[in-house]
Amino acid sequence: MEFVTVNFELQQAFSPLLSEEIAQDLASDPDVIALGAVEGKRPCGVLVFALEETQLRLLWLCTAEEMRGRGVARALVRQLVKCAARDPEAGRLFADVPDSSPLDPVFLLLFSEGWIPSAFRLSAYTCTLAQLAEQEFWRKNMGEAGVTPVSQLPKVMLKEYSALLDGGEGGAPVQLPLRAEEYEPDVSLGYVSEGKLQACVLFTYQDGQLVLSYAQAQPSAKSGIAKLFYAAGKRALAKYPPETRLSFAAVTPAARQLAEKLLPVCGAQSMYRMSLWLPKLTEGGTNL
């Protein structure tokens with residue numbers, strides 16, 4: 001078995017092993033890379049990962065049906081670990097896999113290869129905008145006093161807000177400063193009260209899907225975060241087709257409670273975050 005980097009010329013040959021979304025990511029995002037397994041001239045498996053600063057996220061793993069049970073997926077995972085360990089900047093590999101019954105085969109494979117499941121579970125919520133519109137919450141009139149698109153907020157205000165939340169108890173880390181240009185201006189919103197930014201919800205739109213990438217509020221925001229979700233939902237319903245999917249990954253208990261309160265039609269799927277800290281390979285062997 002040989003391993004190849006699936007470049008543009010090879011992507012067509014491996015396309016039966018790729019989902020439409022993953023194929024689009026490969027074509028459009030230079031940080032998404034595919035590693036293929038070939039036997040003879042026949043593609044028999046593919047692994048797709050994304051480069052994320054000092055870590056690599058495993059996005060996709062698929063073996064050709066006729067090659068299953070022959071160790072192709074395991075060989076691809078081992079090859080990824082071997083390649084990543086040679087990168088001086090890469091410190092960790094990770095993947096989010098479903099918690100299913102019986103256990104997901106990717107979970108079992110990674111676990112048997114030494115990947116460790118995180119102590120928490122990631123709850124992934126998803127629904128369409130059509131389903132969202134059916135809920136009573138989104139038919140209310142909460143008003144939009146204080147609601148402002150993130151793209152229109154002063155950078156000083158964004159930086160002050162980021163600094164306050166970065167070390168906050170139970171809060172998610174915030175990039176300093178928030179990069180407003182990366183988010184949909186009509187959907188990513190801030191709540192301003194008493195001259196200060198009190199809450200933010202940030203959405204990105206990719207491949208027919210809106211992804212909530214960040215939501216956080218100061219204790220003084222009170223109902224501000226609910227107002228932001230309401231305003232963002234209204235904008236999304238007006239701007240995008242009804243079949244557009246909304247995704248929300250809830251890491252903390254507070255985020256899960258918020259999702260269950262505001263997005264009751266969304267199906268929650270428990271996920272395990274599998275991690276492998278990388279030893280570094282040198283000419284003399286492995287640094288442990």
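Colleague: In which loop is the place of Glu53?

Modeller: Glu53 is placed in the loop between β3 (42–52) and β4 (55–63). Strands are DSSP runs of E with at least two residues, helices are runs of H or I with at least four residues, and both are numbered from the N terminus. Please note that this is a predicted model, in which local features need pLDDT of at least 70 and side-chain atom pairs count only at pLDDT 80 or more, whereas totals for chains, interfaces and linings use all residues. Residues are numbered from 1 along each chain as its sequence is written, and side-chain values use heavy atoms, with hydrogens and water left out.

Colleague: Why does Glu53 count as exposed?

Modeller: Buried means under 20% relative accessible area, exposed means over 50%, and partly exposed lies in between, with a 1.4 Å probe and protein chains only. Glu53 has 76% relative accessibility, and therefore counts as exposed. Glu53 also has a positive phi of about 55 degrees, although it is not a glycine.

Colleague: Which loop holds Glu194, and what phi does Glu194 have?

Modeller: Glu194 is found in the loop between β8 (189–193) and β9. Its phi is positive, about 55 degrees, although Glu194 is not a glycine. Glu194 has a relative accessible area of 76%, so it is exposed.

Colleague: What makes Val192 partly exposed?

Modeller: The relative accessible area of Val192 is 24%, so this residue is partly exposed. Val192 is in strand β8. Not counting residues up to four places away in sequence, Val192 touches Gly146, Thr148, Leu153, Met157 and Leu197; contact means heavy atoms within 4.5 Å. The C-alpha atoms of Val192 and Leu153 are separated by 9.2 Å, and these residues are 39 apart along the chain.

Colleague: How many aromatic pairs does the structure hold?

Modeller: The structure holds three aromatic pairs. Rings of Phe, Tyr and Trp (its six-membered ring) pair if their centres lie within 6.5 Å; planes under 30 degrees apart count as stacked, over 60 as edge-to-face and the rest as tilted. One of the pairs is formed by Phe107 and Tyr272, with 5.0 Å centre to centre and 45 degrees between the planes, and it is tilted.

Colleague: Why does the pair of Phe107 and Tyr272 tie together parts that are apart in sequence?

Modeller: Phe107 lies in helix α4 (residues 105–112) and Tyr272 in strand β12 (residues 267–277), so the pair ties together parts that are 165 residues apart in sequence. Phe107 has 8% relative accessibility and therefore counts as buried. Tyr272 has 14% relative accessibility and therefore counts as buried.

Colleague: What angle lies between the planes of Tyr205 and Tyr240?

Modeller: The planes of Tyr205 and Tyr240 are 15 degrees apart and the centres 4.4 Å apart, and this aromatic pair is stacked. Tyr205 is in strand β9 (residues 196–206) and Tyr240 in the loop between α7 (224–239) and β11 (245–250), 35 residues apart, and the pair links distant parts of the chain. Tyr205 has 33% relative accessibility, so it counts as partly exposed. Tyr240 has 10%, so it counts as buried.

Colleague: Which residues form one aromatic cluster?

Modeller: Phe107, Phe111 and Tyr272 form one aromatic cluster.

Colleague: Over which ring does the charged end of Arg92 sit?

Modeller: The charged end of Arg92 sits over the ring of Trp277, 5.7 Å from its centre. The term applies if NZ of Lys or CZ of Arg is within 6 Å of the ring centre and within 35 degrees of the ring normal.

Colleague: Why are α3 and α4 called oblique to each other?

Modeller: Helix α3 (residues 72–85) and α4 pack at an angle of about 50 degrees, with their axes 11 Å apart. Axes are lines fitted to C-alpha atoms, for helices over the stretch in contact, and angles run from 0 to 180 degrees between N-to-C directions. Angles under 35 degrees count as roughly parallel, over 145 as roughly antiparallel, 65 to 115 as roughly perpendicular and the rest as oblique. The two helices α3 and α4 are therefore oblique to each other. The contact is made by Ala73, Arg74 and Val77 of α3 and Leu109, Leu110 and Ser112 of α4.
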